[in-house]
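User: I am new to this structure and would like to learn how to read it. Please take me through it one feature at a time.

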Amino acid sequence: MPHSHAETAPLPHTLEHSRTRPVHWLTTATAMAAVIAAAGLVQPATGTPATDTTASAAETPAKGPQATAPDPAAVTYPLDCKGAPQTVTTSAQGDLDGDGRPETVAAVRCDAGSGTPPHAIYVLTRDRADGARPRVVATLLDTARRQTATELTVRDGLVTATLVGYSSPDVPRYSPDTKQLAKWRWHDGKFRQELTDSAARSV
């Protein structure tokens, strides 16, 4: 099957959950490295010296609460529905930029009441501050592509979706005839996309 590669518009070097300058993150990264190096010497919950540094991994106290992925229902998306409500039809969660905090990928479309409006696919993150609301940081698929997203997954930092659409304006909207497997991965400060096309057919 033919492959094509596309890139989304460049984004900041990481999908960090706060808006800080690169110099600050260099300082933060250095500090975090020191914290990680010392992590084995303290109890995660109290910060006091560990009582048994020879304990096996199975006996090591559990880490603190894990960061939760952004709630896709708590976001207003940059999608013009001309007064109709927005609907999140499917979503998936995972750490896309390797910072240890999960992002959410959401497939969203207008709830038109009839027909099959096209999807947009957005990446959501949330700032580190307590109570911060989730926000859109990237658009993977725009509604201008006139495609419907299905089988959305996030695994090992890779976003995968099946996209169905139409080979021409003459194809009835109720009978999409193209199918693509789309993959996106965060690399060098942007999402890189790979598309695999199937032969045009009713799907």
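This is a predicted model: local features need pLDDT of at least 70, side-chain atom pairs count only at pLDDT 80 or more; totals for chains, interfaces and linings use all residues.

User: How many helices and strands does the protein have, and in what order do the elements run?

Analyst: The protein has one helix and nine strands. Read from the N terminus, the order is β-α-β-β-β-β-β-β-β-β.

User: How do I read a sheet? Which strands form the open one, and in what order?

Analyst: The general idea is that strands of a sheet pair through backbone hydrogen bonds, either parallel or antiparallel. Here, four strands make an open sheet with the order 2-3-4-5 and antiparallel pairing. At its edges are strand 2 (86–94) and strand 5 (134–141), each of which pairs on one side only. On average, neighbouring strands in this sheet are turned by 30° against each other, direction ignored.

User: How many bridges join strand 3 to strand 4?

Analyst: Five bridges join strand 3 (residues 103–110) to strand 4 (residues 120–126), and the two run antiparallel. As an example, Thr104 has Leu124 in strand 4 as its bridge partner.

User: What do strand 8 and strand 9 form?

Analyst: Strand 8 and strand 9 form a hairpin, with two residues between them. Their pairing is antiparallel and covers eight bridges. Within that pairing, Gln180 stands opposite Asp197 in strand 9.

User: How should I read the phi angle, and where is Asp188 placed?

Analyst: In general, most residues other than glycine have a negative phi. Asp188 has a positive phi, near 55°. Its place is the loop between strand 8 (178–187) and strand 9 (190–197). Asp188 is exposed, with a relative accessible area of 53%.

User: What is the phi of Glu151, and where is its place?

Analyst: Glu151 also has a positive phi, near 55°, and is not a glycine. Glu151 sits in strand 6 (residues 148–155). With a relative accessible area of 58%, Glu151 counts as exposed, because exposed means over 50%.

User: Is Lys190 buried or exposed?

Analyst: Lys190 is buried, at a relative accessible area of 17%, because the cut-off for buried is under 20%. Lys190 belongs to strand 9.

User: Which cysteines form a disulfide, and how far apart are their sulfur atoms?

Analyst: The count of disulfides is one. Cys81 and Cys110 form it, with sulfur atoms 2.1 Å apart. The link is left-handed, with -90° about the S-S bond.

User: Why does this pair tie together separate parts of the sequence?

Analyst: Cys81 lies in the loop between helix 1 (22–38) and strand 2, whereas Cys110 lies in strand 3, so the pair ties together parts that are 29 residues apart in sequence. Both Cys81 and Cys110 are buried.

Conventions: Residues are numbered from 1 along each chain as its sequence is written. Side-chain values use heavy atoms; hydrogens and water are left out. Two strands pair if DSSP finds at least two bridges between them. Axes are lines fitted to C-alpha atoms, for helices over the stretch in contact, and angles run from 0 to 180 degrees between N-to-C directions. Buried means under 20% relative accessible area, exposed over 50%, partly exposed in between (1.4 Å probe, protein chains only). A disulfide is a pair of cysteine sulfur atoms within 2.5 Å.
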